[in-house]
Amino acid sequence: MTEEERNIDDPARLADEARENAQKAATELRAQRVPIETEPPTVFKAD
Amino acid sequence: MPERALDEARRADRALAKKDGGPLTGVPYGAKDLLAARGAPTTWGAPPYRDQIFGEDATVVAKLKRSGAVLAAKLAMVELAGGGGYRYPSASLQGPGRNPWNTERWSGGSSSGSGAAVGAGLVPFAIGSETAGSIGTPSAYCGVTGLRPTYGVVSRKGAMALSWTLDKLGPMARTADDCATVLEAIAGADTGDPTASGKRFRPLSGRAATSAAKRARIAFAEEDVSEHASPEAKRALEKGVAEFKRIAPSFVRATLPAMPFGPMVQTVYSAEGAEIFAELIEGKRFEQLVDARQKAGLRAALEIKARDYLHAMRLRTRLQDALAAMFRDVDVILSVGRAMTATPITQPLDNPASPGGPKPPPDKRNLSGPGSGNMGLIAAGNLAGLPAIFFPCGFATDGLPVGLQVVGPPFSEPLLVALASAYQRETDHHLKRPRD
């Protein structure tokens, strides 16, 4: 069976796709340089 | 639930008889089924939690009770608010959310029931939640007004968590003014939610609101409509933008910074959601979830690396800085609510790589970079914790509603309400109702 012929809701295919999506996102994120002094955001507080 | 509603209604009757009611006294509403309501089922839209009952009210529900509102319904939602990424509108214990304008179309997610119930006129307002579009999408698809508050303005105590750093609760109603009335009741400090900002909400007075709307500098990118709107939606969106320009004429071209909004928001809510639901994911009840793609997404999210999560979080700081700079030159950003109308309830929501599969929705093709305009506004606004108001602006050629969104800097809800309210005073799109 070719990749295209596998059911789009086949759990094994979905698991592969989910891992690939997460990896693709990670690759795109890592391509974005962040200055070393940048910290994660903090919560907005009222003035 | 019926006993509770009747009890709250009787209490409202007594208050009204003594003439000490407020604007919400006796007004029925629905709460997305991720909000705890004492003694009522709170299923989170997910089969593993079908019998879940909490012993106390969520802060939002308790505040509305104190305001005299009557909890008339818990409203259906996408299971676990869509955490993991679902493929079908049917990803819910309650089945697909049906759109009141065409029941073969989806009502949007994950606040599916909140959008449908308000759109159908079953309740005058509902409470929805948004992690990355869950108030905006059902508001746009169902032709209602939705207000996503600044992160931290509304306490999330007693609400299911999908993403601690992204989740917001907000009202969905027929008008911007109704949303403002509800937000006034539910905003504010809460010792039960350490992320609550402590900020109250007060709408601008009539004259100040009119003046603020006229003076507001509106960032807009024409390609959001000209290039990204679906053929069915384009004309109505163009007309809506032209109408908006009449009430707030100071348009300037300005676009979001080029950043990978999709991967950022996906990584953050996936990593946080997987940790929140780790016990479920690794347990026997997990297979009860409806949507196979969502299950695969949640499992995969357990493996997201800490460095990638933290990198996405640090990029959020950069995004906040960039947007703060943008808001020195403009007051708000105007864009489409969604660039397309509600999809068929059987249509996959992603873009499965199968022969003959549906094309990706126009507004999911390109969220950032050249030609993308401000199509990444839902993702960027949520990542930066910014408030947004979504409101209907007409009907597409397929008879379904379309809408606009306006996003502002933190705590700019009064201006957002003023703008949408001014628009709704000059138009009647928000008054249209589906036929029985």
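A residue counts as buried if 20 or more other C-beta atoms lie within 10 Å of its own, and as exposed if 12 or fewer do. The views below are taken from a predicted model.

**Figure 1. B:Trp44, a buried loop residue with a positive phi.** B:Trp44 is located in the loop that connects β1 and α2 of chain B. Around B:Trp44 there are 25 other C-beta atoms within 10 Å, and B:Trp44 is therefore buried. Its phi is near 55°, a positive value in a residue that is not glycine. Most residues other than glycine have a negative phi.

**Figure 2. B:Lys19, an exposed loop residue with a positive phi.** The loop between α1 (2–17) and β1 (28–32) of chain B contains B:Lys19. Although B:Lys19 is not a glycine, its phi is positive, at about 60°. B:Lys19 has 6 C-beta neighbours inside 10 Å and so counts as exposed.

**Figure 3. The cis peptide bond between B:Gly109 and B:Ser110.** The peptide bond joining B:Gly109 and B:Ser110 is cis, with omega about 5°. B:Ser110 belongs to the loop between β4 (102–106) and α3 (112–119) of chain B. Most peptide bonds are trans.

**Figure 4. B:Arg66 in helix α2 of chain B.** Helix α2 of chain B comprises residues 59–66 and includes B:Arg66. Is B:Arg66 buried or exposed? B:Arg66 has 11 other C-beta atoms within 10 Å and is therefore exposed. Along the chain, B:Arg66 and B:Gly206 are 140 residues apart, and 26 Å separates their C-alpha atoms.

**Figure 5. The crossing of helices α8 and α14 of chain B.** Two packed helices are described by the angle between their axes and the distance between the axes. For α8 (residues 234–247) and α14 (residues 413–426) of chain B, the axes come within 9 Å and cross at roughly 105°. Because angles of 65 to 115 degrees count as roughly perpendicular, α8(B) and α14(B) are described as roughly perpendicular to each other. On α8(B), the contact is made by B:Glu243, B:Phe244, B:Arg246 and B:Ile247, and on α14(B) by B:Ala422, B:Tyr423 and B:Glu426. By class, this contact has 4 nonpolar and 3 charged residues, with no polar residue.

**Figure 6. Helix α1 of chain A and its buried face.** Chain A has 1 helix and 0 strands. Of its 47 residues, 17% count as buried. Helix α1 of chain A (residues 11–30) has 20 residues and reaches 28 Å from its first C-alpha to its last, close to the 28 Å expected at 1.5 Å a residue. Which residues of α1(A) are buried? They are A:Leu14, A:Glu17, A:Ala18, A:Ala22, A:Ala25 and A:Leu29. Seen down the axis of α1(A), these buried residues fall within an arc of 135°, so they line one face of the helix. An α-helix has 3.6 residues a turn, so residues three or four places apart point the same way. Turned away from the buried side of α1(A) is a face that carries the exposed residues A:Ala12, A:Glu20 and A:Thr27.

**Figure 7. The contact of chain A with chain B.** Between the chains, 24 residues of chain A are in contact with 39 residues of chain B. The side of chain A that touches chain B consists of 15 nonpolar, 2 polar and 7 charged residues.

How values were computed
Residues are numbered from 1 along each chain as its sequence is written. Chains are lettered from A and ligands numbered from 1 in the order in which they are written. This is a predicted model: local features need pLDDT of at least 70, side-chain atom pairs count only at pLDDT 80 or more; totals for chains, interfaces and linings use all residues. Helices (H or I, at least four residues) and strands (E, at least two) are DSSP runs, numbered from the N terminus. Axes are lines fitted to C-alpha atoms, for helices over the stretch in contact, and angles run from 0 to 180 degrees between N-to-C directions. Angles under 35 degrees count as roughly parallel, over 145 as roughly antiparallel, 65 to 115 as roughly perpendicular and the rest as oblique. Two residues are in contact if their C-beta atoms, placed from the backbone, lie within 7 Å. Ala, Val, Leu, Ile, Met, Phe, Trp, Tyr, Cys and Pro count as nonpolar, Asp, Glu, Lys and Arg as charged, and the others, Gly among them, as polar. The expected span of a helix is 1.5 Å times one less than its number of residues. The arc is that of the directions from the helix axis to the C-beta atoms.
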